[in-house]
Amino acid sequence: MSGVRATGGAVWIGSLIRRFPDLVDELAPTAGPVPREARGAPSGGPTPPLRLHVSDAVRDITDGVVELEEAVRERLGLRPVGPASVPVRLRRIAGLLERIAGDPVLAAHVEDETRRMAARCARALGDPEQMVRLTGRCPRCDSVSLRAFPERAELRCVNPVCGAVLDGEADGS
């Protein structure tokens, strides 16, 4: 199971390394149209609207990666390292995945946290949650409506009549 957890952590770490720079880029002012200021408003040039949900996501992910790296290094008995950017910290965590896999509790924590942060990044970028169609039938309603939602780590029958949330009991998963 710990090997599966380490692999899952690698997937989410890779996703964050690829997508986090896109999230930071979303904070940059755009060259698009900006609403005109009302008459009598202070001049100084129009400013683009601040996208608080993006700013909050950047802060949450940054804090989460810093805390995760510190927790991993402490749990593995490694000395603390200096400050670095989020992608650099994620690469350092990825470099420790083999050692992390040796501790099932730590491996589960790394996978859960990186999944959470990758989902937060995707939501802030406007990406819909990925859904994967599974082969086989729902063990409850016998429908071919099984789907996996990786960001939630959930298997679900999307048949509106059933809607069962399965706990690893589906065939083909």
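# Chatting through a predicted helix-and-sheet model

Me: Let's start inside this predicted model. Which residues touch the most other members of the largest nonpolar core?
Reply: That would be L16, L23, I61, V72, L90, I100 and V110, out of 28 residues in the core.

Me: Nice. And which helices supply at least two residues each?
Reply: α1 (2-25), α2 (52-75), α3 (86-94), α4 (97-101) and α5 (104-124) each do that.

Me: Take V72, then. What is V72 in contact with, leaving aside neighbours within four places in sequence?
Reply: V72 is in contact with L96, I100, L106 and V110.

Me: What does the second core include?
Reply: The second core is separate and has 8 residues, among them A148, C157, A164 and L166.

Me: Okay, zooming out. What pattern does the chain follow along the sequence?
Reply: Reading along, you get α-α-α-α-α-β-β-β-β. In total, the protein chain has 5 helices and 4 strands.

Me: How are the 4 strands arranged?
Reply: They form an open sheet in the order β1-β2-β3-β4, with antiparallel pairing. β1 (132-133) and β4 (165-166) are the edge strands, and each has a single partner strand, so one side of each is left without a neighbour in the sheet.

Me: How many bridges join β1 to β2?
Reply: There are 2 bridges between β1 and strand β2 (residues 146-149), and the two run antiparallel. V132 has A148 as its bridge partner in β2, while R133 stands opposite R147.

Me: And on to β3, how many bridges join β2 to that strand?
Reply: 4 bridges link β2 to β3 (residues 154-157), again running antiparallel. L146 is the residue opposite C157 in β3.

Me: Are the residues on the two faces of β2 buried or exposed?
Reply: Both faces are covered. L146 and A148 lie on one side, R147 and F149 on the other, and all of them are buried. As background, side chains in a regular strand alternate between the two faces of the sheet.

Me: Back to the helices. How does the span of α5 work out at 1.5 Å a residue?
Reply: The 21 residues of α5 should span 30 Å, and the end C-alpha atoms of α5 are 30 Å apart, which agrees.

Me: What follows α5?
Reply: G126 does, and the phi of G126 is positive, near 85°.

Me: I keep looking at R99. Where does R99 lie?
Reply: R99 lies in helix α4.

Me: What does R99 contact, leaving out neighbours within four places in sequence?
Reply: L76 and L78. The side chain of R99 also reaches the backbone oxygen of L76 at 3.3 Å.

Me: How far apart in space are R99 and V72?
Reply: They are 9.8 Å apart, C-alpha to C-alpha, with a separation of 27 residues in sequence.

Me: Last topic, whole-chain numbers. What percentage of the residues is buried?
Reply: Buried residues account for 36% of the 173 in the protein chain. The accessible surface comes to about 10500 Å², and 54% of that belongs to carbon and sulfur atoms.

Me: And among contacts between residues at least 6 apart in sequence, what share joins residues at least 24 apart?
Reply: For the protein chain, that share is 55%.

Notes. Residues numbered from 1 in each chain as written. Predicted model: local features only at pLDDT ≥ 70, side-chain atom pairs only at ≥ 80, totals over all residues. Heavy atoms only, no water. Buried < 20%, exposed > 50% of the residue type's maximum accessible area, 1.4 Å probe, protein only. Contact = heavy atoms within 4.5 Å. Areas by Shrake-Rupley, 256 points an atom, 1.4 Å probe, with all protein chains shown as cover. Pairing = 2+ DSSP bridges. Core = buried A, V, L, I, M, F, W, Y, C linked by side-chain atoms within 4.5 Å. Expected span 1.5 Å × (residues − 1). Polar contact = N/O pair within 3.5 Å; in protein donor to acceptor, adjacent residues only side chain to side chain.
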